[in-house]
Amino acid sequence: MHRTRDLGGHVFLHLRDREGIVQCSFNADWAPAEVVAAAAAVGIETVVLIDGIVTARPAEMRNPEMATGDIEVRATALRVVGPAVTPAIPVALSKEAKPPAEDLRLRHRVLDLRREELQHALVLRHRLMQVTRQVLSDDGFLELETPILTKPTPEGARDFLVPSRMHPGEFYALPQSPQIYKQLFMCSGFDRYFQIARCFRDEDLRADRQLEFTQIDIEASFISQEDVIAVGERLVRALWAEAGVTVTTPFERMTYADAMERYGCDRPDLRYGLAIEDLTPIFQSSESGIIQGALAAGGRVRGIRVPGAAGWSRKQVDELEAIAKGAGVGGLIRLKSTAGVLEGPLAKFVGPEAVAALGLADGELLLAVAAGDRVANPALDRVRQECASRLGLADPAARRFLWVVDFPMFEMDPVTGALAAVHHPFTSPNADDMRARPDAPATWRALAYDCVLNGVELGGGSIRTSDPAVQARMFELLGIGDAAEQERRFGFLLEGLRAGAPPHGGIAFGFDRIAMLLAGATSLRDVIAFPKTTAARALFEGAPSVVPSQDLDELHIRSVPSDG
């Protein structure tokens, strides 16, 4: 029971199911008096069964805001089958009303899931799953399952470990992804695989991340990067079409190097400009000690021009500088042009030639960073996004899909020089780079690609290493050089590759994130039935919880109190 109105002998109940709401009318003209009285006593959210006749409403009583607003059910019988206590949170909300605080809604999730927005989101999620299955099945992919209890492997985040009762001191891991297993499917001759896979990562949560999540996992043999991109675009186009949105393909392309140079990140939002410029030649002769110190350390001067922002207050610009400092830089170079005059804390260090070369338009604000790219890129990325938000440059109706390609194979620790895989250790390096620079692996590109929409990563993948000798070499470069250690950690993959592996590759799309975007939600928690909070707690179920000591004894483990 959604809402009720009692007009003194004429009772109206709005009844709700997953298809929507219908008005039921109880009146002594067509229903026994005890039925009308029972209808008047029904509480909110109570579950009822009714009998009645569907009739047209009188013209003056029609409700154009309801899908069923032209009809009502004249009820002749009513039976309460699920009495309800007074709900802890409201389900029936007006369009203007704000829902309760999220933690309260998650604590009472059964009631929260009755709200129209969440009902629609989960129904859409179901439809997107069916579209995924249809598109990939039509393309010849087989839906195959991989284990949930598996072997711990390093994939960039902490594993969830599961103790084995039958093998004391040994543990399974919940999969961070089906990566190795889907490669083994390729070694086994299945050619084309997909799975709507549950994955688990023990990492900090945020609006677009959960401890457990769902991804559309795809792998195929005898394919190139172009083939994977084509499959990915067909799938994305179909998913967006299911939500009523037409997507044009092919998507734009951009190399990783270009994305980092122009936007400071590998998932740029292309709905607006504010591209980063290299201003080093202009500031090369500046007398500023800050700038010269950064240049001497191998850094550059790079920044963005913000049209019409010269009028921002000092407080507003200070807020931008705080954002940049939060990303790791010492501060911002702030210059603006007002009526042809260059102003700012470092304006006195900019000579006439540099002013001319800079060419700031009237009313334009320059926000720049003097630092190495590793520090400058994230700072400029965040400043760029904040400026676009303040100016309202990102059209919410625009969709700029993008493939970012040619990722680096490795990233180097600036202190130790150790290499780490940018994607994962099973990605294939670019063969041309390996041949041209065999002793400089830090310069190799990977056969990897990410799909991005409006600054949000939808998915990523790569062509895999199918040669066991090359895979062993990758492990060596990542510090897993001992053959026995490689076998201990990745023996089941290496064994599969040694059995004869076709060239293969794939991609994984974040299904929860796609559902969130298509539902118009702002959090993954609004498209997942029973999500965790940012504190990694399931409030409705009360998980995680303390386990009795006898259960721990059976698993051969014990709980050690934390110092905190």
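Predicted model: local features only at pLDDT ≥ 70, side-chain atom pairs only at ≥ 80, totals over all residues.
Reader: How many aromatic pairs does the structure hold, and how should I read the geometry of one of them?

Author: The structure holds 13 aromatic pairs. The angle between the planes decides the label, since over 60 degrees counts as edge-to-face and under 30 degrees as stacked, with the rest called tilted. In the case of Trp 403 and Tyr 449, the ring centres are 6.5 Å apart and the planes stand at 75°, so this pair is edge-to-face.

Reader: Where in the chain do Trp 403 and Tyr 449 lie, and are these two residues buried or exposed?

Author: Trp 403 belongs to strand β17 (residues 401-405) and Tyr 449 to strand β20 (residues 448-453), so that the pair, with its partners 46 residues apart, links distant parts of the chain. A residue is called buried when its relative accessible area is under 20%. Trp 403 has a value of 0% and is therefore buried, and Tyr 449, also with 0%, counts as buried.

Reader: What does a tilted pair look like here, for instance the one formed by Phe 410 and Trp 444?

Author: Phe 410 and Trp 444 lie 6.3 Å apart, centre to centre, with 45° between their planes. This pair, too, links distant parts of the chain, for Phe 410 is in strand β18 (residues 410-412), while Trp 444 is in the loop between α13 (431-436) and β20, 34 residues away. Phe 410 is buried because its relative accessible area is 3%, and Trp 444 is buried because its value is 2%.

Reader: Which residues form one aromatic cluster together with Trp 403 and Tyr 449?

Author: That cluster is made up of Trp 240, Phe 251, Phe 401, Trp 403 and Tyr 449.

Reader: Which rings have an arginine over them?

Author: One is Phe 12, where Arg 5 lies over the face of the ring at 4.7 Å from its centre. Another is Trp 312, over whose ring the charged end of Arg 390 sits, 5.3 Å from the centre.

Reader: How do the axes of helices α14 and α15 run relative to each other?

Author: The axes of α14 (residues 468-477) and α15 (residues 483-498) come within 10 Å and cross at roughly 160°. Angles over 145 degrees count as roughly antiparallel, which is why α14 is described as roughly antiparallel to α15. The crossing is right-handed.

Reader: Which residues of α14 and α15 meet?

Author: From α14, Pro 468, Gln 471, Ala 472, Phe 475 and Glu 476 take part, and they meet Gln 486, Phe 490, Leu 493, Leu 494, Leu 497 and Arg 498 of α15.

How values were computed:
Residues numbered from 1 in each chain as written. Heavy atoms only, no water. Phe/Tyr/Trp six-rings, centres within 6.5 Å; stacked < 30°, edge-to-face > 60°. Helix = DSSP H or I, 4+ residues; strand = E, 2+ residues; numbered from the N terminus. Buried < 20%, exposed > 50% of the residue type's maximum accessible area, 1.4 Å probe, protein only. Lys NZ or Arg CZ within 6 Å of the ring centre and 35° of its normal. Axes fitted to C-alpha atoms, helices over the stretch in contact; angles between N-to-C directions. Parallel < 35°, antiparallel > 145°, perpendicular 65-115°, else oblique. Left-handed = near helix turned anticlockwise from the far one by under 90°. Contact = heavy atoms within 4.5 Å.
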